[in-house]
Amino acid sequence: MIKMESHIMQIPKLIENTVIEMNHFHVWYHNSHALKDFHIRFQKEQITCIIGPSGSGKSTMIRSINRINDDVDGFTYQGNILFHGHMHSHTVYQNGFDVNHLRTQIGMVFQKPCVFPRSIYENVLFGIKHTKKLLKQEKQQIVEENLRAVSLWDEVSYRLHEKASTLSIGQQQRLCIARTLAVKPTVILLDEPTSSLDHFPFLPMP
Amino acid sequence: MNRRVKNNLFLAVCWSAAILCTLILSFLLSVIILNGAKTINPDFLLSNSRNFGAEGGIFYQMIGSVLLISGAAFISLPIAIGTALCKSEYVKNPVLQKISNMMIYGLNGIPSVIFGIFGLIFFVNFLNTGISWFVGSIILAIMIIPTIVLSSYQSMSSIPRMYRESAYALGMDKWKVITKVILPQGIQGAITGLFLGLARAVGETAPVMFIATAFSGVKLPGSLFQPVTALPTHILTLAQQATNTQALQNAWGASLVLILVFFIFSLSALFIRITLQPVSQR
């Protein structure tokens with residue numbers, strides 16, 4: 001009886017510092033069982049690294065958190081994922097849940113940079129512009145702030161209106177990070193964003 | 001027979017097939033150009049036809065053809081883009097995909113005279129529209145929809161998945177992803193398909209001859225529900241008067257104009273394919 005009580009006492013403390021938790025989470029792609037009974041708690045304002053051999057389900061795991069896997073052919077899951085936002089906690093896989101809003105709070109950067117066929121300026125605003133109304137002044141400010149955050153500002157400030165595809169691969173990846181930061185997410189999921197870049201680890205990140 | 005001989009033999013067969021193919025086209029083209037060029041002059045292009053086409057020009061026939069295919073373009077483009085979007089973004093079920101593909105290819109394979117008969121029975125007789133260029137546009141639109149759907153679908157479904165995922169990961173909803181990511185990159189396929197379809201539609205005789213065109217004596221239509229005259233049906237009329245050398249001469253001229261219109265559309269399609277190629281495919 002006493003044991004039980006102490007157990008109950010611990011839970012609020014843990015939740016207080018947890019931003020995402022996965023409980024008994026399974027993923028299948030058609031018949032292949034990609035993620036088996038996975039438990040994890042991600043702490044707030046911390047960097048958590050997941051390391052494992054290729055094909056071990058790292059990507060599947062983080063792609064399940066912002067539900068970007070939903071459209072993958074043959075995707076099925078079991079278990080639940082909780083996201084503790086500013087005000088409320090949500091079960092991510094819930095009928096009628098606003099996935100688009102979730103994705104503004106949980107941003108993601110992919111393995112390969114993927115810039116849209118527009119200008120550098122437009123690319124930084126690509127996400128935030130469609131979720132929020134912005135004044136021209138605010139736009140300028142958001143672009144500068146986020147390009148500075150990824151140390152790209154000095155390299156591109158004089159050619160913001162050129163096509164983003166004219167940037168080098170490394171610059172494109174930093175642009176993708178700036179684009180994600182612009183939405184001001186609570187959590188950023190990074191799916192090996194440095195794997196195809198060699199000079200990238202030296203990038204000073206805030 | 002050793003390997004080298006076999007190789008050369010095969011090469012020779014391939015070459016002769018290719019040469020035969022191009023020879024047929026060049027023969028056809030040169031006959032039409034040689035015969036038609038004599039007829040074409042500003043007067044022929046800009047004047048009204050007289051005496052059932054044996055005299056005068058083909059001005060209203062050209063206007064009629066342009067009206068027919070512009071109508072077809074306006075009707076078919078939105079429907080075809082909608083179908084292609086539905087196929088590439090919404091239909092995930094492979095069985096449904098197969099069924100829809102079968103339907104689209106089936107529609108593409110229907111002989112054009114059947115469309116003409118359908119238009120005659122359904123629009124002209126059942127809906128009582130009378131012979132009207134607008135009905136002709138509708139029928140031509142139905143005919144070219146498969147070409148546009150397949151071409152748009154191809155360019156939409158070839159957009160790498162990471163473009164969609166990157167957009168979704170920024171919190172954009174499906175409508176935004178479609179309008180800001182899929183359509184700008186897929187529109188090239190749609191326009192290419194449209195021009196290829198129009199190139200085919202402009203030369204079609206059978207679907208329009210019962211329902212949209214009068215053989216002669218018609219100028220500009222005053223409303224949607226009046227007939228026009230069109231190049232292919234005009235050529236048919238002229239060819240039927242084969243004993244009249246003047247009529248035959250005008251038929252050659254009209255044929256050349258039709259071929260030129262066809263080439264303009266095909267080349268535009270090619271040009272659009274090259275210049276509007278989406279960044280993801282360069």
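Predicted model: local features only at pLDDT ≥ 70, side-chain atom pairs only at ≥ 80, totals over all residues.
**Chain B overall**

I started with chain B and went through its secondary structure, which comes to 11 helices and two strands. From the N terminus, I read the order as α-α-β-β-α-α-α-α-α-α-α-α-α. I boxed the C-alpha atoms along the principal axes and got roughly 70 × 65 × 35 Å. Of the 282 residues in chain B, 43% count as buried. I also looked at contacts in chain B with a separation of 6 or more: 76% of them join residues 24 or more positions apart.

**Where the chains meet**

Next I looked up the interface. I found 18 residues of chain B in contact with 27 residues of chain A. The two chains bury about 1900 Å² between them, and 66% of that is on carbon and sulfur atoms. On the chain B side, B:E165, B:A169 and B:L170 supply 31% of the area buried against chain A, more than any other three residues.

**Helix 2 of chain A**

How many of the eight residues of helix 2 of chain A are buried? I get seven, so this helix (residues 58-65) is largely enclosed by the rest of the structure. I noted that the buried set includes A:K58 and A:R63 as well as A:M61, A:I62 and A:I65. Just after the helix, A:R67 takes a positive phi of about 60°.

**Strands 5 and 6 of chain A**

I then checked how these two strands pair. They run parallel, and four bridges join strand 5 (residues 106-109) to strand 6 (residues 187-190). One pair I wrote down is A:V109 with its bridge partner A:L190.

Which way do the side chains point? On strand 5, A:I106 and A:M108 go one way and A:G107 and A:V109 the other, and all are buried.

**Cavities**

I searched the whole structure for cavities of 30 Å³ or more and found two.

The largest cavity holds about 70 Å³ of space. It is lined by 13 residues, with A:M108, A:F110, A:C176, A:R179 and B:S166 closest to the centre. Strand 5 and helix 7 (169-182) of chain A and helix 7 of chain B each supply at least two lining residues. Helix 7 of chain A has the largest share, with four residues. By class, I count eight nonpolar, three polar and two charged residues in this lining.

The second largest cavity has a volume of about 40 Å³. Among the residues lining it are B:S65, B:L68, B:I69, B:L140 and B:E204. Helix 3 and helix 8 (174-202) of chain B each give two or more residues to the lining, and helix 3 gives the most, with three. This lining divides into eight nonpolar, one polar and one charged.

**Second largest pocket**

Last, I went to the second largest pocket, which has a volume of about 690 Å³. It has 25 lining residues, and A:D71, A:V72, B:S88, B:K92 and B:R161 lie nearest its centre. Helix 3 (99-105) of chain A gives two or more residues, as do helix 3 (59-90), helix 4 (94-109), helix 6 (133-157) and helix 7 (161-169) of chain B. Helix 7 of chain B has the largest share, four residues. I sorted the lining by class and got 13 charged, eight nonpolar and four polar residues.

Technical notes:
Residues numbered from 1 in each chain as written. Chains lettered and ligands numbered in written order. Heavy atoms only, no water. 1 Å grid on protein atoms, 1.4 Å probe; cavity = no way out; pocket = protein on both sides within 12 Å on 5 of 7 lines; lining within 4 Å. Points joined across faces, edges and corners; volume = space filled by probe spheres on them. Nonpolar A, V, L, I, M, F, W, Y, C, P; charged D, E, K, R; others polar. Buried < 20%, exposed > 50% of the residue type's maximum accessible area, 1.4 Å probe, protein only. Pairing = 2+ DSSP bridges. Contact = heavy atoms within 4.5 Å. Buried area = accessible area lost by both parts, 1.4 Å probe.
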